[in-house]
Structures are given as C-alpha cells and as structure tokens.
Amino acid sequence: MTMVLKASGLTVERADGAPIIEDVSLGLDRGEVMGIVGESGSGKSTLALALLAYARRGVRIAGGSVRVADTNMLELDTATLRKARREVVAYVAQDPGAALNPMLTLGTLLTEGLAGSKAEKVVRAREILRKVGLPDDEAFLQRRPRQLSGGQQQRIAIAMAVIAKPKLIILDEPTTGLDVSTRAKVLDLIRQLCISDDLTAIYVSHDLAVIANVADHVTVMYGGQVVEQGTMQEVLATPRHPYTRALLNAVPSLQARQTLRPIRGRVPAVGEAPNGCIFSDRCDHAIEACNTRPALRLVGGTQVRCVRPELAEAFEVRPQAVGHSDRQVANNSAVLQADGVNAFYGHRQILFDVSLQVEPGRCLAVVGESGSGKSTLSRCLIGLHGNLTGALSLDGKPLPLTVDQRDRNARQRLQYIFQNPNASLNPRRTIGQSLAAALANRPEACGNRSGAIIAEAFERVGISPHLAMRYPAELSGGQRQRVAIARALVANPAVLLCDEVTSSLDVSVQASVIELLRSLLADGLGMLFVTHDLAVVRNIADTVAVLSAGRVIEQGDVYKVLSAPSHPYTQSLLANTLQLPTEAIDVPTIARRQSAAGSR
Amino acid sequence: MEMTLTTHQWVRSRPVSGWWRLWASTQVRWGVILLVAMTVLVVIGPFVAPYDPAAPVGKPYAEPSAVAWLGTDNLGRDVLSRVLSGGVYLAWMAPVSALLSVVIGAAVALVTAYYRGWTDLVLMRSLDVLLAFPGILLTLLCVSVFGPQPILLVGLVVLTLMPGVARVIRGAAIPLLDREYVLWAKAVGTPGPVIILRELLPNVSSPLLVELGLRLSWSVGILSSMSFIGYGIQPPAADWGLMVSENGTGLGTQPYAVLAPILMIILYTIGGGLIAEGAARVMARTEGKA
C-alpha cells in the first residue's frame with residue numbers, strides 16, 4: 001500500500017487572517033476514494049482547491065503541506081505547479097457545462113494537455129473515450145460540448161482529468177446537477193475507474209447518499225474544520241460527532257415518512273466561529289466543556305472533534321415516523337384540477353394529455369427528470385405558459401388558461417414558489433417591502449391590518465418580523481425560501497405550487513422547509529410539489545404523479561407507487577435513487593456497498 | 001429557528017439606508033465633494049471675479065502678474081475672471097443633458113424590453129437609425145438653421161447620447177425578465193407599468209448610475225467641442241470650451257489661458273465619474289451576495 005495523498009495541517013486564510021479551513025489533515029492510499037462532505041460554507045471546496053495548491057482571489061494557503069505521491073504541491077514554482085496540476089493532481093469541476101470551453105471540439109479538449117504526436121494523441125483520446133463509455137469515432141471527436149447531454153459532458157470532464165494519468169483526481173460535486181439515472185451512471189464510472197486504473201480520488205459532495213455509495217473514507221467538514229473522519233461505514237453508520245448525526249437525521253428517507261430534524265441556527269461565517277467547539281452554538285448536547293475547542297482524537301476507529309463522542313443511542317434520538325394528514329377527502333373535492341393539458345413550445349409538444357388534481361390539505365408530488373416537462377406543467381397551472389390547450393378548474397369553477405384572463409381571486413388563490421430562492425425576491429427591496437407588495441394585490445386586506453398580516457406571515461414561516469428591514473442578500477438561502485413562502489401566504493392562498501423548492505438548499509435547511517410545508521398542509525392548504533427527489537416525495541406527498549417525456553405514466557398514493565411501482569420507468573427511478581447505509585429506521589442493518597473499490 | 005442571531009452577526013448586517021451606504025464609499029464621498037465644490041465655484045464665481053470677464057485689463061497674452069493672477073487671454077481679458085464666470089453654461093447644460101438622455105433612454109429601454117412586439121421593433125429600430133446618423137452632422141445642420149440656443153444644444157446632446165443609453169439599459173433589463181421575482185409579479189397579475197417601475201427599474205440602477213456618470217462626461221465633452229468649433233456658446237460670453245478654442249493659438253506664450261479652463265472641465269467630469277462608479281460598486285456589493 002502506497003500513500004498517494006498526505007496533507008497535514010492545511011490552513012487557508014482570508015486576507016484579514018480569518019481562517020476558512022483550519023488544520024486539515026488527510027491521508028489516502030492508492031485506489032481509495034475519500035469523500036469530503038459538508039454543507040455550504042463548510043470549506044469543502046476551498047479544501048479541494050487547496051489540494052491543487054490553488055486559492056481563490058483574496059485567500060491564501062497559510063500553512064500545512066500537501067504531498068501527492070512524491071510531489072510537494074505547496075513548494076513548486078509556477079511552471080512546475082502548472083504541469084503538476086495536470087500530471088499529478090487533476091480537478092473535475094461541478095458544472096461541466098461551464099467548465100468545458102464550448103468553442104473547442106472534444107478531440108481538442110481531451111488532448112490539449114498531452115505531449116506527443118497528433119496520431120498518438122488521437123489514439124489516447126479514443127482509448128479514454130471507450131473507457132468512460134462514450135463513442136470513439138472521428139465524428140464524435142469533432143463534436144462540441146454543447147452537443148452533448150449533461151451526463152456526457154461530465155464524462156468528458158472526467159476523461160480530461162484522467163487522460164494524463166494523474167496520481168490523484170479531485171472531483172468537486174461532479175454529480176450534483178445530474179438526473180438520478182445519469183448520476184448513477186457517472187458514479188458507476190468513477191467506481192469502475194478506481195478498480196481498473198487504481199484511481200485515487202477525493203470526492204467532494206454535500207450529498208451523504210452519494211458519498212456513501214462511492215467513498216471508502218469520509219471526512220465531515222463543518223465551519224472549516226474536520227469534525228469527523230474515518231471509514232465510510234463507521235462515520236455514516238455509527239456517527240460520533242453531533243454534527244454528523246444531525247446531518248444524517250436531516251436527510252429524508254426513501255423508505256419511511258419521518259420527522260426530519262433541521263439543525264437550528266446557521267453555519268458560522270468566516271471569522272465568526274464561536275470560541276469553543278465550532279458546533280457548540282447549534283449543538284443540542286453542548287455542555288460546559290464545549291467552551292474550549294476540542295482536538296481531533298481517535299474514538300473507536302474514527303477521528304472525532306468532540307468532547308462527548310458517544311454514539312447516537314446514548315442520546316436516545318431516533319427518527320420518528322409521521323403519518324399522512326388524516327383529512328379524508330371525498331370525491332370531487334379537488335380545489336385545483338387539470339384535465340387533458342397539452343402544452344407546446346412553438347410546434348414542439350411538451351406535455352401530453354396531463355390530468356391531475358390537488359386536494360385541500362394534501363400534497364400531490366409531480367416527479368420527473370429534467371426535460372420531463374414538470375416545470376412546464378407548474379407554469380401552465382400558474383398561467384405563465386401561454387401555449388397550451390386543455391381545461392383547468394379552481395374550486396369547481398373553470399379557470400382561464402393564462403394569468404391575464406384570470407380574475408384577482410384566482411390569482412390570489414394559486415400561489416407559486418420558485419426553485420431558486422436567490423432570484424425569487426427582488427434584491428432591491430427589503431423582505432418586508434416584498435411582502436407588502438404581495439399584500440397590495442389584496443385590497444380588502446390593505447390598510448391598518450396590513451402590518452399585522454405581514455408580521456403574522458413572517459411568524460408562520462419562522463422568520464423574526466424584526467428582520468423585515470433586511471434585503472434578501474442579507475439572509476441565508478433557507479431564510480430566503482421561507483420569505484418566499486411567507487409572500488405566498490399573505491395572499492391567503494388555497495393552493496401552493498412549489499417548483500423544486502428544496503433542491504438548492506442544504507439538507508439541514510431542506511429539512512426545516514419540508515417541516516414548514518408539512519405544517520402548512522396540516523392547515524388545510526393544497527399543494528403541488530414538483531421535484532426530482534423521491535425521498536422528498538416520500539416525506540411530503542400524499543399522492544404522486546410520475547412524469548416522463550411529458551406524459552403522466554403512473555399516478556397514485558405515495559406509499560403504493562414508491563413501494564410497488566408498476567411502470568418500468570418508476571422502477572428505474574427508484575432503483576437509481578441512492579440511499580444511506582442506515583436507511584431503514586427499524587432495521588439498523590448496514591447495507592454493504594454493491595461494489596468494493598480499491599485494493600482493500 | 002433561524003431567529004437567533006449572535007450579536008456580532010446582528011451588528012454586522014444591521015440594515016442601513018441606501019444613501020448612507022453610498023456616502024460610506026470613499027469614491028462617492030470625493031465625487032460629491034468635488035461636484036459640490038465645483039458647483040459652488042461656478043455659482044459664486046461671477047460675483048467674486050476680480051474683473052468684468054468681457055473687459056480687457058491688459059495686453060493680449062500677458063503672463064500671470066499681480067494684476068491678473070492667471071494672465072490675460074487673446075483679447076487682453078483677465079483669465080481668472082473668465083474661468084470663474086465661464087462654467088455657468090456647462091454647469092447646467094451638461095447635467096441636464098446627461099440626466100435627460102439617461103431618463104429618456106431608460107424609459108424607452110424598459111418599455112421596449114418589457115412589452116416586446118411592435119413597440120420594441122419600431123422604437124429600437126428608430127434608435128438604431130439615430131445611432132447610425134453622425135451626431136456632429138446633425139448638430140451642424142440644426143445650429144446653422146436655428147442658431148446656437150442653449151435649449152437646442154441640450155436637445156442635440158440628448159439626441160446623440162440617448163440611443164446608446166437605451167441599448168445598454170435594455171441589455172441589462174432583458175435577463176431580468178426571466179428572473180423569478182418578475183415571473184412572480186406577473187403570476188399575481190401585477191400591471192405592466194408597476195412591474196417596470198417596481199421590479200425592473202431598481203434592478204438596473206447600477207448600470208443606470210454608471211451611464212449617468214459616463215454620459216455626464218460625454219456631454220461635457222460634446223458641449224465643449226461645440227463651443228470649440230464655434231457652434232456652441234457664442235463670444236463674447238465666457239465659456240470654458242470657448243476659451244480653449246479662443247486661446248489655442250497662444251498656447252506657447254500664455255498656457256494658463258487654455259490650461260485653466262481645461263482643468264475646470266476635467267475636475268467637473270471626474271466628480272461625476274467618481275460618484276457613478278462608486279455608487280455602482282456599492283450596489284454591486286449589496287446585490288452580489290444574493
């Protein structure tokens with residue numbers, strides 16, 4: 001066994017000396033994969049870049065060493081470093097669409113950094129294309145990145161990284177933007193490369209299930225520090241740090257509908273970490289001793305930075321199953337109904353004969369991969385997609401197809417919440433003004449009571465009303481999404497149309513938003529929840545419609561569809577959804593990885 | 001659950017009003033100081049000028065002396081008095097034309113960007129024609145026909161600058177139309193003019209301010225050049241642009257007669273530029289975190 005990566009005491013600082021990552025040490029043997037997991041702001045990307053001896057502008061690597069094979073990355077001059085970043089350590093970025101130069105052909109992209117004659121390069125490029133499972137003919141080499149799908153682009157990015165046979169490859173969230181089936185294939189590829197090429201890799205992700213499926217070792221980052229480090233099974237099945245446990249508790253399960261425990265508070269910003277244990281201000285089990293910073297120490301096979309590294313059983317926190325809302329819905333009580341909706345972009349048909357209904361107090365999930373038409377469907381319902389046929393009805397009355405033809409009441413009764421919380425609020429308005437603007441559409445509620453209605457909406461979503469003077473930029477992603485929900489609530493809606501509202505949030509924040517939406521369902525709101533994540537569906541929806549290529553291929557109660565899917569497409573979606581090793585709550589058996597990577 | 005903020009987080013992100021944020025920027029502060037100082041100088045200048053700007057006080061192109069601190073110009077008039085009195089035209093014509101071109105340009109841009117269709121096609125293509133038509137030719141033509149009246153000069157500057165502003169602001173506004181907050185406003189049935197004013201306009205304010213500063217400098221340039229070629233303010237009135245043109249021949253013997261008005265024009269331009277750029281940075285910072 002040869003150690004490929006040995007990083008020790010790595011510290012990266014901002015120009016003013018505030019640490020972004022602090023004293024991080026990693027070690028990795030040949031053929032192994034290290035998963036680095038953490039939420040946004042944990043410093044995991046900074047760490048990944050520091051392993052390449054790279055720091056973003058205004059940030060510098062202040063201490064520590066990175067040794068990859070025989071190369072000391074932090075002590076190279078510029079020219080050698082550039083060469084080392086190709087031949088010793090390679091990097092695969094999150095978004096291949098942005099990382100690949102759209103004007104270059106795949107042949108050029110792949111062979112750019114290689115030495116040798118043109119013929120040799122082409123041979124090498126073809127070999128690597130076969131290896132990553134893509135066609136290797138001349139026509140394919142002449143294609144450009146935009147002619148490929150997202151999954152193919154990511155394969156090319158991986159091929160570009162491995163073509164120079166680097167000792168170590170760093171994958172920074174390589175599967176984050178991909179559909180479940182594409183993601184499963186890319187993960188398969190990475191696993192396979194680990195076996196066939198003895199590839200050593202660092203895999204950075206916020207997704208615990210992905211890490212569980214690809215990594216041998218796991219490093220959990222929080223606030224720029226390593227809080228837990230060990231083998232994948234030990235860290236994810238028997239987590240010892242409260243943060244790791246909290247993170248695992250926040251992940252929705254595909255098997256069971258259960259309470260999700262959000263982590264209170266927010267990740268400390270750079271330079272604002274508490275003096276003691278970095279997690280102490282959000283930890284449910286913090287004690288006096290947590291006021292001094294604990295060192296990383298070895299407890300039962302894992303490195304843990306906690307003074308109370310006991311197992312979960314010691315604290316008796318177990319996820320609890322929650323039932324569906326007990327509202328029994330009589331027939332024909334649908335508040336929103338769509339019949340035979342067909343939607344078009346130009347002459348291309350996107351939706352084919354889609355019919356569905358949303359009932360009060362219940363949540364209908366619309367599930368599909370990208371391109372299935374699920375977002376178009378929600379836009380049709382809100383009336384922003386003009387080009388459609390079919391019939392809509394709201395409260396039993398026919399609903400005009402476009403928003404211009406709808407009356408004020410219909411516009412208020414249907415409210416839309418967008419995927420991207422960063423753009424759903426006007427950045428030049430305080431959040432209080434945003435809510436006031438929403439209320440202005442309800443003349444009966446204006447005047448003296450408006451302040452009270454706004455404050456009430458803020459309280460309902462768990463935002464303190466004294467934050468009303470803030471601009472969206474001053475809030476976290478989760479808070480912005482709550483404000484967007486509050487804005488929908490001031491309209492006093494009957495139905496919320498939620499378009500992937502949790503997909504850009506961290507799991508701990510997603511947990512709190514799901515809990516909020518559940519409580520709104522309990523208040524009697526109807527909800528249409530568009531998502532690609534089946535585990536989220538399991539945890540929020542009562543009924544589900546599976547959308548594929550613009551058609552509803554399966555529809556029914558969540559537990560029926562998810563436990564006994566009848567359509568092959570639903571079955572494949574389920575099969576490709578990744579799960580944590582400790583998935584089943586009542587059966588705490590540890591699922592073994594399907595394929596063992598590496599030499600151990 | 002996200003209500004609990006630590007004290008320093010609360011202090012750090014305490015909301016402050018937009019104007020205060022602008023003033024906190026060093027660039028903006030210097031720009032404002034410069035502009036205010038220049039405006040005060042231009043307004044009180046004629047009253048503190050030691051001589052009548054039109055009256056000869058000595059020989060032409062006399063060097064600076066105790067009598068005339070900055071020397072005299074081509075007709076023996078006091079340069080200092082003329083510099084002090086010569087900013088009046090520029091001081092109101094440049095900001096007014098810059099402001100008008102930005103306001104009209106932005107209005108055209110936002111309306112065409114939001115409504116698209118025929119309005120867009122007709123308005124933007126006419127602007128393209130204006131953009132293609134040489135501004136200087138138009139100026140010569142109009143001034144020859146109607147004479148060099150200040151209002152006409154302002155109108156000509158606006159006509160020259162406005163299409164460019166409209167292009168830039170339209171470019172900034174179009175991506176906003178796909179933003180979720182604009183879609184939301186449409187989905188709840190907000191009328192078009194309200195969306196333009198409340199959702200679009202505030203979010204193009206950074207390019208608007210940059211345009212304002214840029215166009216202020218341009219108007220100063222255009223107005224000065226008009227004076228220089230003799231199609232602007234007419235002699236014997238004191239005007240910085242005119243002074244540059246009148247005393248150009250004496251540059252070797254009495255450089256102050258040219259350099260002093262040029263310095264005034266530069267200071268005036270820099271003030272506007274600093275405010276615009278500083279403001280754009282402050283706004284980008286507020287927004288950038290979003």
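**Exercise 1: a sheet in chain A**

Find the bridge partner of Gln337(A) in strand 16 of chain A.

Solution. Step one: the partner is Ser393(A). A quick note before we go on: this is a predicted model, where local features need pLDDT of at least 70, side-chain atom pairs count only at pLDDT 80 or more, and totals for chains, interfaces and linings use all residues. Residues are numbered from 1 along each chain as its sequence is written, while chains are lettered from A and ligands numbered from 1 in the order in which they are written.

Step two: strand 13 (residues 336-345) and strand 16 (residues 388-394) of chain A pair in the antiparallel sense over six bridges. Strands are DSSP runs of E, at least two residues, and helices are runs of H or I, at least four, numbered from the N terminus; two strands pair if DSSP finds at least two bridges between them.

Step three: four strands of chain A make an open, antiparallel sheet in the order 14-13-16-17. Strand 14 (348-358) and strand 17 (397-399) of chain A are its edge strands, each pairing on one side only.

**Exercise 2: a helix in chain B**

Work out whether the span of helix 11 (residues 205-228) of chain B agrees with its 24 residues.

Solution. Step one: the expected span is 1.5 Å times one less than the number of residues. Step two: that should give 34 Å, and the end C-alpha atoms of helix 11 of chain B are 34 Å apart, so the two agree.

Step three: is this helix mostly covered or mostly exposed? Helix 11 of chain B is mostly covered, with 19 of its 24 residues buried (20 or more other C-beta atoms within 10 Å of a residue's own, C-beta atoms being placed from the backbone). Next comes Gly230(B), which follows helix 11 of chain B and has a positive phi, near 85°.

Note on methods:
Buried ≥ 20, exposed ≤ 12 C-beta atoms within 10 Å, placed from the backbone.
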